[in-house]
Amino acid sequence: MNQTLIIVSLAFTISLALSIYILPRMMVVSVKNQWDRKGDDLSRDGVRVYQIAGLSILPIILLSLCSSLLIPIALPWKELSHSCTSMVPRIFTLITGSLILFIVGLKYDINGASSGVRTVALLLASCVFAVSDMPVNNLHGLFGIYEIPAWVGAVLTVIVSFLIIFTFRLLDGFDSLVSSIGIMVLVLFIPILLRSSRITPLLITAVLLGVMVPYWMIKTFWKKWAHCSMGNSGSYILGFFIAYLLIVICRGSEYEYGKGAMTIATSVLMFPVLEIIRVLGSRLRDGREVFTQDRNQINDKLYRTGIRRTGICLALMLIPVAFFVFSCLMVESNVNYTIIFGLDIMLWVLMHWVINWRIRVYEEKTHRSVWNKEYGEEAWNAQVPVEILEKKIRTFGTMGLPSNMVEKDTMAFIPDGMTGMERGMKRGIDMLISFVCIIVFSPLFLLSYILIKLDDGGPAIYKQERIGRFGRPFCIYKYRSMRLDAEKMGPQLSHAGGDEDPRLTKIGRFLRRHHLDELPQLWNVLIGDMAFVGYRPERKHFIDQIMQHDPRYSFLYQIRPGVTSYATLYNGYTDTMEKMLRRLELDLYYLRHRSFWFDIKVLILTFGSIIFGKKF
């Protein structure tokens, strides 16, 4: 064991020394020569992202590995020399996979490479594990599964490796995201790997840490290198070797690596993988290109809470530690591994709930002083943000506060009638009820989906951009009840043709009559875009028309739009401008007088109308 620690320490020292010398110089050359591919996905706020800084990572890893293996062989340490010699085939296997990724990643960083070429490279590198006697062969009771057939293990190994490599590639960017998470994953793997007598995984871990620590320090503390990302040539390599370490732990027995080793290792990697799934899901939901830069990654969300850059790096390193400690405690308490897996997901959801709450608190704090000076305490308590006056008017034209109020005329302001405590209770109850309803009505969700698909084969879910709280656009979800070409002549009101609208499909007419097309809006309520009771959200096209007649519509931005509304009960769905303006009067009445009990009354009346078949 002492000799093993010697070679591991030697590998770390060599890697650290090479990285300290090479990495800063590579970053200087990268910026000086402007080695960046001029693509839309490589810029942020007009600032170039130099993503060739990871070019030297694989060479440093290979030099460190070769040096740390050759030195013991040259010394008269027979046992250690034999161990190093036995590692050579496995090292060559890892070099093969990493070189595939390095070549394709470097080509993409400099000249660009198609997504097909990159996908093939990731698959080939992942297959290296499956064909070299390294496929996963046991799930140790996760989901009730233990030993698995060789072909299943090979497929699972390729999928897991591909996902991890892809995850670390997408994490690369500003704020040391990929290096912060990568370092903590490696550090948390060490106590698991130390239980085994295998040298190769420990050697790989030491070499990777020796590279990543200087890179993280440069990115974190030297602001002029903040725009030097690792690039595909570096992030692919980091993901590839971390995938190897996870596979090694999964292949080992609990006797070798300790109780629940696979579950704990999986929990550590669950955070970055879930983050990528969340970010990609939000881009697909909004119809954006999946590789487009946005402000939805975890480092960006932490920045919006008011945390400074170094604090963000620290938080990114502590989050995997929290997952690690939580999983260790659960394993020691003999909790079922599948339950731990589910609890980890719940912990991740809770973490984002806290972050979103802190974002709201911070944004309120930063805007409050400016708003009070311009419009007074009453307007602020109504929760109309200052950004409506600034960004939203420029972005959405007539969206935002009406011009006469912006010019400080004496137009009567209509505040929200709910107290802060009532608003908090309302949001909590909305989340709870929507979550329960999604589970209870899941068979109805599935049945509606199948019927729509069988009807005309088109997409079952229809999404449309509406304007919600604070004048922010969001996507509202419904079951599609109309033909695919329903708006070929331009935007039209959904109920412009009445119940016998010729644009309705057979299934759509039934869903519309019984209000089942609104079921997917439970998801909008759960994520906070909507509430159960509010005002019905409209499209910008129609809001612009309403605002020309009555600019008070913008006062509704104080509250979340609703699945049902007071105005819908007494005015029905709108198909003319006259009805829109009458609905606005009712919505403003609701805004001023709304309360917790008012909402309950609206819900009871809505359910009664649905049950007794009242059309609205």
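Hi everyone, thanks for coming. Please keep in mind that we are looking at a predicted model.

Let's start with the aromatic rings. A pair of aromatic rings is described by the distance of the centres and the angle of the planes. In this model the count comes to 13 aromatic pairs. Take Phe 129 and Phe 240, which are stacked, with 4.9 Å from centre to centre and 20° between the planes. This pair links distant parts of the chain: Phe 129 sits in helix α4 (residues 115–131) and Phe 240 in helix α8 (residues 232–251), 111 residues apart. Phe 129 is buried, at a relative accessible area of 0%, and Phe 240 is buried with 0% as well.

Another pair is Tyr 535 with Tyr 553, and here the geometry is edge-to-face: 6.3 Å between centres and 85° between planes. Tyr 535 lies in the loop between β5 and α21, while Tyr 553 is in the loop between α21 and β6, 18 residues apart. Both tyrosines, Tyr 535 and Tyr 553, are buried. Going back to the phenylalanines, ring pairs join Phe 129, Phe 240, Phe 241 and Tyr 244 into a cluster.

Now to the charges. Side chains of opposite charge can pair when their charged atoms come close. The model has 11 salt bridges. One of them joins Asp 416 to Arg 594, with the closest N and O atoms 2.7 Å apart. Those two are 178 residues apart, Asp 416 in the loop between α16 and α17, Arg 594 in the loop between α23 and α24. Both Asp 416 and Arg 594 are buried. Together with Arg 423, they are linked in a network of salt bridges.

Next, Arg 583 and Glu 538 meet at 3.3 Å, N to O. Arg 583 is in helix α23, and Glu 538 is in the loop between β5 and α21. Arg 583 is buried at 6% relative accessible area, and Glu 538 is buried at 8%.

So where does a bridge within one helix turn up? Lys 540 and Asp 544 are 4 residues apart in helix α21, so about one helical turn separates them. Their salt bridge is 2.9 Å, N to O. Lys 540 is partly exposed at 30%, whereas Asp 544 is buried at 17%.

Last, the surface. A nonpolar patch there includes Met 421, Ile 433 and Phe 441, and the whole patch has about 920 Å² of accessible area. Ile 433 belongs to helix α17 (residues 420–440) and is partly exposed, at 37%.

Methods
Residues are numbered from 1 along each chain as its sequence is written. This is a predicted model: local features need pLDDT of at least 70, side-chain atom pairs count only at pLDDT 80 or more; totals for chains, interfaces and linings use all residues. Side-chain values use heavy atoms; hydrogens and water are left out. Patches are made of residues with over 30% relative accessible area and no salt bridge: like charges are joined within 9 Å, nonpolar side chains (Val, Leu, Ile, Met, Phe, Trp, Tyr) within 5 Å. Accessible areas come from the Shrake-Rupley method with a 1.4 Å probe; for residues, only the protein chains shown count as cover. A salt bridge is a side-chain nitrogen of Lys or Arg within 4 Å of a carboxyl oxygen of Asp or Glu. Buried means under 20% relative accessible area, exposed over 50%, partly exposed in between (1.4 Å probe, protein chains only). Rings of Phe, Tyr and Trp (its six-membered ring) pair if their centres lie within 6.5 Å; planes under 30 degrees apart count as stacked, over 60 as edge-to-face and the rest as tilted.
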